[in-house]
Structures are given as structure tokens and as C-alpha cells.
Amino acid sequence: MATHESTSANPKVNYEYRRRKARDEMRMQVTSFATMIFMTFIAFIVVIADFDKYYAFPVLLLLAGAQVVLQLYYFMHMSHKGHGTAALFLYSGALIAFITVLTFLTIVWW
Amino acid sequence: MDDMNQKFTSRTWPESPEKTTLEGKNKFLGFWLFLGGETVLFASLFATYLALKDSVPSSDHYLAADMFALPLVFIMTMLLLTSSLTSVYAMYHMKNHNYQKMQTWLLLTVLLGAAFLGFEIYEFYHYVHDYNHTFTSSAFGSAFYTLVGFHGAHVVVGLGWFILLLVRNAKRGLNLYNAPKFFVASLYWHFIDVVWVFIFTVVYLMGMVG
């Protein structure tokens, strides 16, 4: 069973190809890390700049959402194939999460 | 079982060692189901916090905007975000079958996580002693410590998990028995960072805006 990935006729080529692919992916990971740091800076600047909350809240939530997408799809490899069921589980949880927060907020607002 | 303890080199190591064995596949799937459940758990705590934020019995209690300080939250965010990257590096070396480098990066992850935890303990101590903001002082206090404390408890579990894996497998080397274990622990660690992104945004940043 450990051989199922050795599909290439030349294992050496396969090995070097995999190494290169992993390296490229790692570069992508560092890029997404830099993007997350950048988004964190923007979020803190928005608070320091003391914008009105009706401007600040949507921006902050959007930045958090984008950062979480990067974390899930790159750091947690959800962009790789074979993550269909994983995505189903997580998004089911996220749906219930959204409804729960919405419910509690509407309870206190009305 | 002899399958699982088979010795590999970086050339014979499978491309997705975390999902090569049936146990690894099941672990992977089961863990994502668990993360879906964790999402719901944290959602209920976030919802409670949002509903009870700044709900204090009298005006001599401090509110979110009076207590939270940006520098501390910023340092904690950077520590946890960086620890997420170091565990990505660890999994990169795991996939290349470089056990020693994987151990080094995981150790770095543990150190960053421990530093985060240290700041969090200081933060709670500071709120309790300088602001009288405790678990029982107000509904706001209960909701705050339950949400942020639950995240902190996840950090403790994540650190303990990494340390146990590192100690138990210190001399075993990397094989198909432990590769899924390291992989799943690193998924958990990333999830802790995902939750923190919402905590620093919703609790601290939005709390300071208003």
C-alpha cells in the first residue's frame, strides 16, 4: 500500500517532482502568512484610527473572514483534493454557528 | 501492524503519509467532524459573549473598552499566528520525511504557544487585580472568561498534545503509525488560531471600537 504513489515509470523523476512541488507549496504558505500578518496590521490600524463603528465593524469582520479562509485553505490544506467531506463537516458547523450567533444577537437587540 | 512500523526513506515515503493507512484516513475524516463540532461549541460561547458584553450590575464595573489594551492583544496575535506558520513548516518536513527538522519546528511551535499562554495568564491576572473583573463579578465577566478561557484551555491541550507526541515518538522515527498523529495535532493547532482570529476581532478589536 505504500507504493500507490509510485505511479511514475521513473521513481527518481517522481521524487524530484514531489520535492519541487512541496517547495513551491511552502513558498505559497509563506506568502499567505505574510498576507495574514498584513491583514492583522490593517485591522489594528482601523481600531487605532478610531473610525465610526458602522465603518469599522464590517471592515474588521471582512478581514477576519479573509484571514480564516487563508488559514483553512492553505495552512489546513483544504485547497488540496480529497477535502470534500471535511468541507461539508466544517461548513455544516459554520452554518449552525452563524444561526446561533444571529439568534442570540436578535434576542438582545429586540 | 508491521505495515505501520515499516521503515521509510525520503524516497520511499508516500506523498500523503497522513492518509496512506486506513487508520490515517479515518483519523483525518473524524478529526474534521470534530472541528465542525468545535465550531458550534465556540459559536455558542461567542453568541453568549456578544449578548452579555458590558452587562454589569452597576456603573462601578469596568467595561470592555476600559480594560482592553491593543499592544497586549497584538503581541498575542503575532505569537499565535507565527506558531501556526511554524507548524506548517513542521508538516512540510514531515511530508519530506525529515524527522529532525519536523521535531525542531514543532518544538518552536510549542515555545510560541507557551509564550502566548504566558501573556494570556498575565492578561487575566491584570483584569482580576487591577479592574476587579472576575468570573463572578458580572455576566460580562462570566461570558468573557468562559469564551477566552475556553480558547486558552484549547491552547493548553494543543501544547500538551504536541509535547506528548514529541516525547513518545522521540526515538521511533517517522513512520505511517505516527505521521497521521502529527498531522492531526497540527490541524488542531491551526484551528486554535482560526478561533483566535475571531476572538481578537470580535472581543478585542470590536470591543475597543464600541
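**Entry 1: chain B overall**

I began by reading chain B along its sequence, where the pattern is α-α-α-α-α-α, and I counted 6 helices and 0 strands in it. Helices here are DSSP runs of H or I with at least four residues, strands are runs of E with at least two, and both are numbered from the N terminus. I noted that this is a predicted model, in which local features need pLDDT of at least 70 and side-chain atom pairs count only at pLDDT 80 or more, while totals for chains, interfaces and linings use all residues. Residues are numbered from 1 along each chain as its sequence is written, and chains are lettered from A and ligands numbered from 1 in the order in which they are written.

Along the principal axes, the C-alpha atoms of chain B fill a box of roughly 65 × 30 × 25 Å. Of the 210 residues in chain B, 43% are buried, a word I use when 20 or more other C-beta atoms, placed from the backbone, lie within 10 Å of a residue's own, with exposed for 12 or fewer and partly exposed in between.

**Entry 2: two helix pairs in chain B**

I looked up α3(B), residues 70-95, and found that it packs against α6(B) at an angle of about 160°, with the axes 10 Å apart. The axes are lines fitted to C-alpha atoms, for helices over the stretch in contact, and the angles run from 0 to 180 degrees between N-to-C directions. The angle makes α3(B) roughly antiparallel to α6(B), since angles over 145 degrees count as roughly antiparallel, under 35 as roughly parallel, 65 to 115 as roughly perpendicular and the rest as oblique. The crossing of these helices is left-handed, a label for a near helix turned anticlockwise from the far one by less than a right angle, with right-handed for clockwise.

Among the residues that meet there are B:L80 and B:L81 in α3(B) and B:W189 and B:W196 in α6(B). By class this contact has 15 nonpolar, 5 polar and 1 charged residues; Ala, Val, Leu, Ile, Met, Phe, Trp, Tyr, Cys and Pro count as nonpolar, Asp, Glu, Lys and Arg as charged, and the others, Gly among them, as polar.

I then turned to α4(B), residues 99-131, and α5(B), residues 139-168, which pack at about 150° with their axes 10 Å apart. That makes α4(B) roughly antiparallel to α5(B), and their crossing is left-handed.

**Entry 3: one lysine**

Is B:K181 buried, exposed or partly exposed? I found B:K181 in helix α6 (residues 179-209) of chain B, and it counts as partly exposed because it has 18 C-beta neighbours inside 10 Å.

**Entry 4: chain A and its side towards chain B**

Chain A has 3 helices and 0 strands, and of its 110 residues 22% count as buried. I checked the confidence as well: the mean pLDDT (the predictor's confidence in each residue, from 0 to 100) is 89 for chain A, and 87% of its residues reach 70 or more. Over residues 1-8 of chain A, however, the pLDDT is below 50. Where pLDDT is low, the predicted coordinates should not be read in detail.

Finally I looked at where the chains meet: 44 residues of chain A are in contact with 43 residues of chain B, two residues being in contact if their C-beta atoms, placed from the backbone, lie within 7 Å. The largest share of the side of chain A that touches chain B, 15 residues, comes from α3(A). That side has 32 nonpolar, 8 polar and 4 charged residues.
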